[in-house]
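Hi,

Here is the structure I said I would pass on. Have a look at it first, and my notes on the salt bridges follow below.

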Amino acid sequence: MKLKMMGLGLFLFLHFFVDQSYAKDFQDIIYGYFGNHKAIVRIPDRVGKLPVVIFNYDEMFDHLGFDMMNRKGFNIQAFIDVFASWGFIVIVPLDINTQMHAVRGAIRYAKNMRKANPYDIHLIGASEGAFVSLMALDSDHKVKTLTLILPKLAHYTGYYSLPNLVRRIAGIDTRILMIMGSEEKPWRRKAQEALYDILKQSHQQVVRKDYEGDRKYFWSPYRRYMEHYYTFMTGQSMPILEWKDDTDSYPY
């Protein structure tokens, strides 16, 4: 009986410890900006003001859900772990779809966080999340860098379209890293090339990196392209101890 009680006590202690540790690392928040929006936030246990990454995921998450996308190989938890290991506060807005206000609200939320450096905020967007991130930027919603991963047009007409981007491109003033995949579907690749041309012709500060891969290649944070994220955001080389060339991944 005593052993059972000790075992139960140990279980409850570990359960409490894990729950408290989780609460410190992750927060489910609701923030307001032209409506209410949800996000996951992780704050690394580090001293001083921290840089921030706002990660706007591939729109397939909104269509299929997190469990299905995890089974397909896109684990947002892994991205959060990597960004946090770099010392970044991580914000992942949920149910973005084409809600530009969710992205703008996340930028404002980040700038008002007590632990955040309001001058060191970075947007990373994938597919439609990339294009919505680009459209969300203006003189009132500025970030230090924007990384576009295989950006996909949300619409071909209306606000989330290339014609409207051309009309408002002058209001976007940030350094941009555009990631391209050589194995993308031709129609997606064509639209990405058109977007890149628009950014270059409008004298945007855009850097382009091409990789041999398709959309799914960028679903893992354990690949070489992450080097470019780190260097682009920090201006420093990413500390890598060892590459595993067979898996194109590195240890954390």
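This is a predicted model: local features need pLDDT of at least 70, side-chain atom pairs count only at pLDDT 80 or more; totals for chains, interfaces and linings use all residues.

Let me start with Lys144, which is partly exposed at 40% relative accessibility (buried means under 20% relative accessible area, exposed over 50%, and partly exposed in between, using a 1.4 Å probe and protein chains only). Its partner in a salt bridge is Asp120, with the closest N and O atoms 3.7 Å apart; the term stands for a side-chain nitrogen of Lys or Arg within 4 Å of a carboxyl oxygen of Asp or Glu. Lys144 sits in the loop between helix H6 (128–136) and strand E6 (145–149), while Asp120 belongs to strand E5 (residues 116–126), so the bridge ties together parts 24 residues apart in sequence. Asp120 is buried, at 16% relative accessible area.

Residues are numbered from 1 along each chain as its sequence is written, and side-chain values use heavy atoms, with hydrogens and water left out. Helices (H or I, at least four residues) and strands (E, at least two) are DSSP runs, numbered from the N terminus.

The whole structure has eight salt bridges. Another one joins Asp81 to Arg42, at 2.6 Å from N to O. Asp81 is in helix H4 (residues 76–85) and Arg42 in strand E2 (residues 36–42), so this pair links distant parts of the chain, 39 residues apart. Arg42 is buried at 17% relative accessibility, and Asp81 is partly exposed at 31%.

Then there is Arg208 with Glu193, a salt bridge of 3.0 Å, N to O. Because Arg208 lies in strand E8 (residues 206–211) and Glu193 in helix H8 (residues 186–201), the pair ties together parts 15 residues apart in sequence. Arg208 is partly exposed at 24% relative accessibility, and Glu193 is partly exposed at 24% as well. Both belong to a network of salt bridges that also takes in Arg189 and Asp210.

As for H8 itself, its 16 residues reach 22 Å from first C-alpha to last, close to the expected 22 Å (1.5 Å times one less than the number of residues). Its buried residues include Arg189, Leu195 and Leu199. Among the elements covering the buried residues of H8 are H6, E6 and E8. After H8 comes His203, with a positive phi near 65°.

Cheers

Conventions: Contact means heavy atoms within 4.5 Å.
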